[in-house]
2 protein chains.
Amino acid sequence: MAASKDNLPVNFGALLFPTFQALDIFGPLDALNILSRKFPLNLSVIGPSLDPISTKYRNPSLNPFNSNFGETVVPTHSVNSPPESLEVLIVPGGFGTRDDDIGPIIDFIRNNYPSLKYIITVCTGSWLAARAGILDGKRATSNKMSWAGTKEVGPNVKWVSHARWVVDGNIWTASGVAAGIDAMLAFIKEVYGEEAATHCSHVMEYEPHKDASYDPFAELHNLPRENC
Amino acid sequence: MAASKDNLPVNFGALLFPTFQALDIFGPLDALNILSRKFPLNLSVIGPSLDPISTKYRNPSLNPFNSNFGETVVPTHSVNSPPESLEVLIVPGGFGTRDDDIGPIIDFIRNNYPSLKYIITVCTGSWLAARAGILDGKRATSNKMSWAGTKEVGPNVKWVSHARWVVDGNIWTASGVAAGIDAMLAFIKEVYGEEAATHCSHVMEYEPHKDASYDPFAELHNLPRENC
């Protein structure tokens, strides 16, 4: 296990649940996979239980062609037996955020946020943070395709409609899916330095959006400007 | 299990091995996760065995800070007991492509390519296809950071140095990591239609590169133009 010498965050957690959106978490995590060769980093994958967690659509209405398509990830910890010393928690979105059994995931965010250095949500992961109450009074963003739902789920959140990502204090919220890669590279730049972020993006052969206010998808969905 | 009515590919496989690069496969697969709600698609995750497969660096020289960072995926099939009727095989890259125990993965590509409709490699996944012999005499590309190794591993391949992705017959090869997302969206456009590809990219909040010859990373690494 790696240990930090200079107070940089070392211990990351990925909080997963059934029917999470794969790229929401694997985009950011792959940047960190690369970073873990430059800085000491540990990852815990935290699920509702220790059972493997699939991206598959459980709700038949989401799967009209009866596809059998999904990826299954093995957690290292459960919400009931979490890792010690978690510093950065990453929360993806996906259709599973709307499921009836999401409660323990929301509780985990609520209970663990006070001791975190940072929390990073991607896509409708911000719905879970909102339902945990940690976004109340804060600026945040979310997926642009489901914006109406976003406003319902967090009535006390200062939702920013036109943003690739938003930072408020130690809370980073990214827009939909691939925006998580941009947010994570911006986070790496902020915390570990520009050289580290550039290295990750070069290895990934990815040209990140570096302007947090860039948001062609807010335009695509004709969202009104509600930048708090 | 989904079945096709109109001869479009239904049965996809992801061929994984220890120390695969996560985004190489999860970028393309997440586009397909979304597509699986519009078309009948099935996914098999194929590993060296049925043991869970981790992205972790096994070689200590790749992990100088002793990070404990990686994601672990559960295969549905092994190379020794593969799925029937595989139509599209996706092969990621990663440091594991260079490991001594990669032989059975290369053998799987060699033995199964003749019955596939398509094979899609991402990053150094093309090294495995080259070693399987299926790229001999074909145009192909690969990761740009490791280009010298690419030429060594496939001396009879017509490597294209400046390309986000290359198509030769039924073989699609993408450049490094995130280029796999662009290649997969181009593949979806080619096979399932432009509306399907646009839908996937909109859900992903991703603006794909649509010009296969766009390659800022070939420029970054000062690669000579060797476009066959």
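## Helix pair in chain A

H1(A) and H5(A) cross in a right-handed sense, meaning that the near helix is turned clockwise from the far one by less than a right angle. Helix H1 (residues 22-35) and helix H5 (residues 179-192) of chain A pack at about 35°, and their axes are 7 Å apart. Axes are lines fitted to C-alpha atoms, for helices over the stretch in contact, and angles run from 0 to 180 degrees between N-to-C directions. Helices (H or I, at least four residues) and strands (E, at least two) are DSSP runs, numbered from the N terminus.

On the H1(A) side the contact (heavy atoms within 4.5 Å) involves Gly27(A), Pro28(A), Ala31(A), Leu32(A) and Leu35(A), and on the H5(A) side Gly180(A), Ile181(A), Met184(A), Leu185(A), Ile188(A) and Tyr192(A). Nine of these residues are nonpolar, two polar and none charged; Ala, Val, Leu, Ile, Met, Phe, Trp, Tyr, Cys and Pro count as nonpolar, Asp, Glu, Lys and Arg as charged, and the others, Gly among them, as polar.

## Basis of the model

The model is predicted: local features need pLDDT of at least 70 and side-chain atom pairs pLDDT 80 or more, while totals for chains, interfaces and linings use all residues. Residues are numbered from 1 along each chain as its sequence is written, chains are lettered from A and ligands numbered from 1 in the order in which they are written, and side-chain values use heavy atoms, without hydrogens and water.

## Helix H5 of chain B

H5(B), residues 179-192, has 14 residues and spans 19 Å from first to last C-alpha, close to the expected 20 Å (1.5 Å times one less than its number of residues). Twelve of the 14 residues are buried, so H5(B) is largely enclosed by the rest of the structure; buried means under 20% relative accessible area (1.4 Å probe, protein chains only). Among them are Asp182(B), Phe187(B) and Val191(B). Just after the helix, Gly193(B) has a positive phi of about 105°.

The axes of H1(B) and H5(B) come within 7 Å and cross at roughly 35°, in a right-handed crossing.

## Sheet of chain B

The open, mixed sheet has seven strands in the order E5-E2-E1-E6-E7-E11-E10; strands pair if DSSP finds at least two bridges between them. E5 (77-78) and E10 (165-168) of chain B are the edge strands, each with a single partner, so one side of each lacks a neighbour in the sheet.

E10(B) and E11(B) (residues 171-174) run antiparallel and are joined by four bridges, with Val166(B) partnered by Thr173(B). H5(B) lies across E1, E6, E7, E10 and E11 of chain B, at about 150° to E11(B).

Notes
Buried < 20%, exposed > 50% of the residue type's maximum accessible area, 1.4 Å probe, protein only.
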